[in-house]
Amino acid sequence: FPIGGDPSLNPQFQLKKANSPFSLTFSVKPGSTRSKLGLDSFSPEITEVFTKALDSDVPRKAFEFPGEIIVVTQEKDIRGALSRLGRVQVVGIDTESPPRGKARIAWLQIADERVAILIRIFNWKSLPSPLADFLADPKILKVGQFPDSEVRDIAKRFQVAVRGVLDVGFLAKSLDVKPLNLAALVARFLDRFLDKKEQMSRWEAWSLTRSQATYAASDALAP
């Protein structure tokens with residue numbers, strides 16, 4: 001039977017034998033098929049449960065950033081990177097932090113459908129003026145998922161007020177949409193699976209793995 005809420009948004013299932021304290025919890029990932037799961041080796045009863053999971057509304061296709069990813073680690077490269085966005089009016093914005101308590105922001109991501117810019121601000125004491133001006137420009141709409149804490153952190157650390165922010169989490173909440181996490185919203189409104197496996201990875205590292213870069217760019221574009 002499904003556990004953890006709506007199986008189309010949190011596709012986790014549990015098998016439990018009657019009168020037994022033991023159970024098996026499993027998730028159905030996008031692209032799973034009967035052959036990949038080896039269903040023929042299970043009993044008919046278990047096969048039926050897995051088949052129902054496969055036939056549920058779990059998104060089969062992953063949401064992944066489709067464009068160019070630019071990684072910036074030096075302040076001098078900011079102007080050139082932002083110029084790749086052109087006269088953009090709407091961007092997605094997100095941040096990544098090390099998975100330790102109240103660690104400060106390590107990466108700032110800005111993306112449209114063509115270009116994603118991943119900026120390592122972990123050890124920066126100030127923001128270069130092109131980036132500060134971009135964030136403070138109210139004419140550029142910056143769309144994020146509950147970005148309040150990140151906006152406050154940037155204001156406190158760098159004395160830069162981020163303006164023109166649209167919070168899709170707040171919009172979803174006002175429409176009484178549940179659950180409100182980004183992966184759930186992507187599944188519901190875009191019918192795509194947002195892979196979050198890199199969420200708790202080592203974002204304090206100087207360089208990103210290819211998987212981290214793709215995750216960060218996708219997370220920024222998703223809202």
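Thr 214 is found in helix H8, which covers residues 210–221; helices (H or I, at least four residues) and strands (E, at least two) are DSSP runs, numbered from the N terminus. Although Thr 214 and Glu 68 are 146 residues apart along the chain, their C-alpha atoms are separated by 10.0 Å. When neighbours within four places in sequence are left aside, Thr 214 is in contact (heavy atoms within 4.5 Å) with Glu 64 and Ile 69.

This is a predicted model, in which local features need pLDDT of at least 70 and side-chain atom pairs count only at pLDDT 80 or more, while totals for chains, interfaces and linings use all residues. Residues are numbered from 1 along each chain as its sequence is written, and side-chain values use heavy atoms, with hydrogens and water left out.

Side chains of opposite charge can pair when their charged atoms come close. The whole structure holds six salt bridges, a salt bridge being a side-chain nitrogen of Lys or Arg within 4 Å of a carboxyl oxygen of Asp or Glu. The table lists three, among them a pair in helix H5 whose members, Arg 157 and Asp 153, lie four residues apart, about one turn of the helix.

| Salt bridge | N to O distance |
|---|---|
| Lys 76 and Asp 77 | 3.3 Å |
| Arg 114 and Asp 112 | 2.9 Å |
| Arg 157 and Asp 153 | 3.9 Å |

Asp 112 is buried at 9% relative accessible area, where buried means under 20%, exposed over 50% and partly exposed in between (1.4 Å probe, protein chains only). Arg 114 is partly exposed at 45%.

Phi is positive, near 60°, in Asp 176, which is exposed at 58%.
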